[in-house]
Amino acid sequence: MYNNSTIIGRLGNDPEVRFMQNQTPVATLSVATTESWKDKTSGERKERTEWHRVVVFGKLAEIAGEYLKKGALALFEGPIRNRKWKGQDGQERYTTELHASGMKMLPSGSSKNGAASPSNTAENTSSASSAAMPPAANYPEMDDYIDGEDIPF
């Protein structure tokens, strides 16, 4: 069995960095991914945004807290985990989150809110944090994805 996911998206807010009891840093991020398509019946361009909870631990959490800001474009890779916890009202709650074991800060392009610049990448800051992560140039731009109408079957 294999549980590994990759998310490329923009941060909805600045990372929230906390420390566990053993002083290990943990960063929690809210990451938006957006897909767009052309509606086959109306020809209208449609868009859907999904929000993902990403959790980063250790040195990678410190790097995320220092260099990532709201609006930054980043790639996160790791397993999806479901966590059960009790709310303040005593009710059991469930959270699905990506526990990032890899992170790559990507060039922000037209980001509005001071996203990290390409020179402030995890690769440049800590070679261990982005080990085994391909360069950003290997990922297609959003416009490079095939539209549903382009598929010949």
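E35 sits in strand β3 and R48 in strand β4, so the pair ties together parts 13 residues apart in sequence. Strands here are DSSP E runs of at least two residues and helices are H or I runs of at least four, numbered from the N terminus. I checked accessibility too: E35 is partly exposed at 39%, and R48 is partly exposed at 40%. For the record, buried is under 20% relative accessible area, exposed over 50%, partly exposed in between (1.4 Å probe, protein chains only).

Caveats: this is a predicted model, where local features need pLDDT of at least 70, side-chain atom pairs count only at pLDDT 80 or more, and totals for chains, interfaces and linings use all residues. Residues are numbered from 1 along each chain as its sequence is written, and side-chain values use heavy atoms, without hydrogens and water.

Next I looked at K46, which forms a salt bridge with D39, closest N and O atoms 3.8 Å apart. K46 is partly exposed at 31%, whereas D39 is buried at 17%.

K59 is exposed at 52%; E62 is partly exposed at 38%. I also noted a network of R53, R83 and E97, joined by salt bridges that share partners.

Tally: the structure holds 8 salt bridges.

Terms used:
A salt bridge is a side-chain nitrogen of Lys or Arg within 4 Å of a carboxyl oxygen of Asp or Glu.
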